[in-house]
Amino acid sequence: MSTRRRNHLPSFAESQFEVILRRQLLRPRLGGGSKAPPFTNASEPWKFSGWGTTRYLELTNDDLNQAEDRMKEDEKKRTLGAWTASAVASNAVTGSIFYAFPPLTAAIGVYSPISLTIATLLLFLYRPIMSRLATAFPHAGSNYLYLLNTTSKSFAVLAAGLTLLDYLLTALTTSSTAAVYIASSTSLPFPIFVLPILIILFFSVGTLAGVRDGYRTALFVSSLHALSVGVLAVAGVVTWAKNGGDILKSNWEDRKVRSASGIAKTIFDGICIAFLGLTGFECAPECITSVQPKDYSRVLRNLHIPAMLFNGPLLLITYAVLTDVDLQESGNILATLGSRAGGRWLEIWIVTDAAVVLSFGVLTGILSTISLIQRLSVDRVIPSFFTQEVTWAKTPPWSILAFVFLSGVLYATTAADIVIISQIFTVVWLAVMFLFPVAYIFLVLKRPSIIPSGENYIWLALFTVILIVVVTVNNLVLNIKTLLFFSAYSAVVWGFLEGSRRKAGLLKILHYVASNGRWIRTRRSNWSTRLGTMIVAQRKEPVCILIKTDNIHTLLSCLLYVSRNEDTSLVWLIHCYDKIESVPSELEANHKILDEAFPAITVDLVFVQAQFSPQTVNAISATLEVPMGNMFMNASKVNAAGTVAFDKVRIIGP
């Protein structure tokens with residue numbers, strides 16, 4: 001083609017020739033190759049990963065049948081009933097009365113039953129939000145999963161770090177409180193700080209016997225706890241009836257606030273404190289893999305109802321039986337209530353119940369941590385060996401060991417101080433509860449096609465965000481030191497997870513230092529070569545994007561998401577079609593443009609002649625040996641029911 005200056009627009013034939021010539025200039029026929037586009041500075045081995053190709057993938061009937069079998073096996077795991085699935089989190093929610101009552105009564109006195117009742121009712125704000133999130137993305141991961149499918153991976157990893165801290169602190173707080181109850185009723189042959197360690201080790205080893213057995217055992221313990229609280233409440237009401245209302249009246253007069261504004265502020269402060277007594281509710285999303293998505297709202301209901309029945313009424317009974325002096329001097333309020341209402345036998349019963357149900361709060365932390373760690377492993381945030389399971393028990397030993405190790409680090413760095421642990425837990429829990437409405441807002445704004453018509457709770461979510469901010473500020477104003485602890489632990493966990501998923505980026509920094517550092521002279525070349533090879537190896541794992549359209553804006557958005565969020569040098573654009581005539585006309589041409597636009601990523605176009613369905617996607621994942629966590633789908637391809645069917649497929653794009 002002549003390069004002389006034209007005074008007219010090129011003809012159609014000339015334009016076609018120029019396009020063909022440009023496409024064939026550097027691109028090998030079979031893809032690959034090491035010669036980069038002329039505009040690319042490919043001085044480093046990872047800056048040009050080779051040209052992409054177009055190819056066809058054939059799925060046999062056996063591939064599709066095996067995919068269907070795998071999906072049926074996964075579906076069989078969702079067999080727990082709503083009560084059984086809620087039992088693990090229920091022990092943490094209902095067991096919180098043993099450590100929530102003392103600070104609340106000390107802070108606001110006789111107004112605490114009112115504040116606790118109102119705080120319990122606030123969970124009505126969360127139930128529709130959490131239910132919609134879990135049914136939109138019915139897989140393990142909680143806020144990490146919700147934000148991963150609606151925002152960037154970095155933000156999702158931050159949520160994962162906070163959620164992981166919450167699960168670990170749930171186990172530490174409940175085990176430490178159980179240790180206090182046990183030590184108050186018996187003489188220990190070792191220091192009390194050792195007991196929480198033994199409780200965590202006991203449940204960690206026991207978890208290896210099978211996660212499903214853990215759910216059923218938790219249901220048994222939860223039922224016994226409900227019986228214990230019921231007996232205590234009945235005994236308290238009987239004692240209240242015998243004594244009349246004199247004690248309650250005396251307690252009211254002793255801590256009465258004179259002004260209406262003072263009463264309102266006292267109750268508000270109490271609500272902020274009492275809301276922290278609902279810990280465990282945030283662990284509910286991790287049970288979604290064990291129940292049918294349609295039953296998840298019942299799981300939340302089963303957690304909420306006992307909290308409403310136990311918390312406020314039981315604290316009111318306490319104020320009708322025990323004087324304010326008794327409450328301030330008692331280390332175990334409910335045990336003292338049992339002693340006064342029923343005698344020594346009921347006191348022992350309540351102490352035993354407290355020790356057991358709080359110890360089972362450790363199981364809540366373990367099972368929730370396992371679910372989150374495995375999800376992070378599937379998404380390549382942490383190494384893949386965390387998903388490996390013991391064959392005979394079908395439990396992941398590396399995830400359990402990670403829980404034990406991280407719990408030990410937290411316990412040691414807080415000097416085994418239950419006060420510090422509880423304070424950090426307070427802020428972490430509030431941060432996790434803040435993320436639920438935030439994730440829902442992103443779901444509505446970024447993935448509106450997933451929201452069923454008539455189920456938009458965005459105004460409710462906005463109100464909940466404001467409410468949780470107010471509660472958090474009110475709690476932190478009194479203790480800035482706690483905020484510093486929270487910031488330090490959150491930064492460390494987030495930094496570790498972010499560094500783990502961006503290993504190639506860290507290696508690039510080391511490569512730059514090795515290539516340019518003046519203090520490295522004799523072995524500079526060897527180090528640079530080795531690090532370059534390691535970077536290339538880190539980026540070899542492929543990512544699949546399931547595409548429907550040839551719209552270059554949509555394709556570009558998907559590839560930009562991958563380049564910003566995944567350390568990979570290989571992307572396979574997967575297009576399923578029934579007939580060759582249905583293939584978008586510009587798909588191949590736009591694929592080549594994008595392949596050249598991302599020199600650090602080899603973009604392959606793969607055609608699959610099959611109907612697009614969850615079964616087909618599962619078969620593609622198995623045939624290409626790409627984990628489901630590396631299968632991405634454009635948001636335009638799913639509706640409200642789609643995320644349930646496409647297990648673990650990430651929703652990306654505009």
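Figure 1. Val180 is found in helix H8, residues 153–185. Helices (H or I, at least four residues) and strands (E, at least two) are DSSP runs, numbered from the N terminus. The model is predicted: local features need pLDDT of at least 70, side-chain atom pairs count only at pLDDT 80 or more, and totals for chains, interfaces and linings use all residues. Residues are numbered from 1 along each chain as its sequence is written, and side-chain values use heavy atoms, with hydrogens and water left out. Val180 has a relative accessible area of 35% and is therefore partly exposed. Buried means under 20% relative accessible area, exposed over 50%, and partly exposed in between (1.4 Å probe, protein chains only). Helix H9 (residues 194–207) gives the largest share of the patch, three residues.

**Figure 2. The second largest pocket.** Its volume is about 960 Å³. The lining has 36 residues, and Pro103, Ile273, Leu276, Ser422 and Thr426 are the closest to the pocket centre. A pocket is an open set of points on a 1 Å grid over the protein atoms alone, where a 1.4 Å probe fits, with protein on both sides within 12 Å along at least five of seven lines; lining residues have an atom within 4 Å of a point. Grid points are joined across faces, edges and corners, and the volume is the space filled by probe spheres set on the points. Helices H4 (97–108), H8, H12 (260–274), H18 (418–446) and H19 (458–476) each supply at least two lining residues. H18 gives the most, with nine. By class, the lining of this pocket holds 21 nonpolar, 13 polar and two charged residues. Ala, Val, Leu, Ile, Met, Phe, Trp, Tyr, Cys and Pro count as nonpolar, Asp, Glu, Lys and Arg as charged, and the others, Gly among them, as polar.

Figure 3. Side chains of opposite charge can pair when their charged atoms come close. A salt bridge is a side-chain nitrogen of Lys or Arg within 4 Å of a carboxyl oxygen of Asp or Glu. The structure holds twelve of them. Lys265 pairs with Asp269, with the closest N and O atoms 2.9 Å apart. These two residues are four apart in helix H12, so about one helical turn separates them. Lys265 is exposed, at 53% relative accessibility. Arg344 forms a salt bridge with Glu347, the closest N and O atoms being 3.2 Å apart. Both lie in helix H16 (residues 344–378), three residues apart, so they too are separated by about one helical turn. Arg344 is exposed, with a relative accessible area of 53%.

Figure 4. The side chains of Arg650 and Glu566 meet at 2.8 Å, N to O, in a salt bridge. Arg650 lies in strand S6 (residues 650–652) and Glu566 in the loop between helix H23 (552–565) and strand S3 (570–577), so the pair ties together parts that are 84 residues apart in sequence. Arg650 is buried, at 1% relative accessibility. Glu566 is buried as well, with a relative accessible area of 6%. Salt bridges link Lys153, Arg380, Glu541, Glu566 and Arg650 in a network.

Figure 5. Ser142 is not a glycine, yet has a positive phi of about 50°. Ser142 sits in helix H7 (residues 142–148). Its relative accessible area is 0%, so Ser142 is buried. Ala415 also has a positive phi, near 60°, in a residue other than glycine. Ala415 is placed in the loop between helix H17 (397–413) and H18. At 63% relative accessibility, Ala415 is exposed.

Figure 6. Thr117 lies in helix H5 (residues 112–121). Thr117 is partly exposed, at 36% relative accessibility. Leu476 lies in helix H19 and is buried at 14% relative accessibility. A separation of 8.0 Å lies between the C-alpha atoms of Leu476 and Val427, 49 residues apart along the chain.
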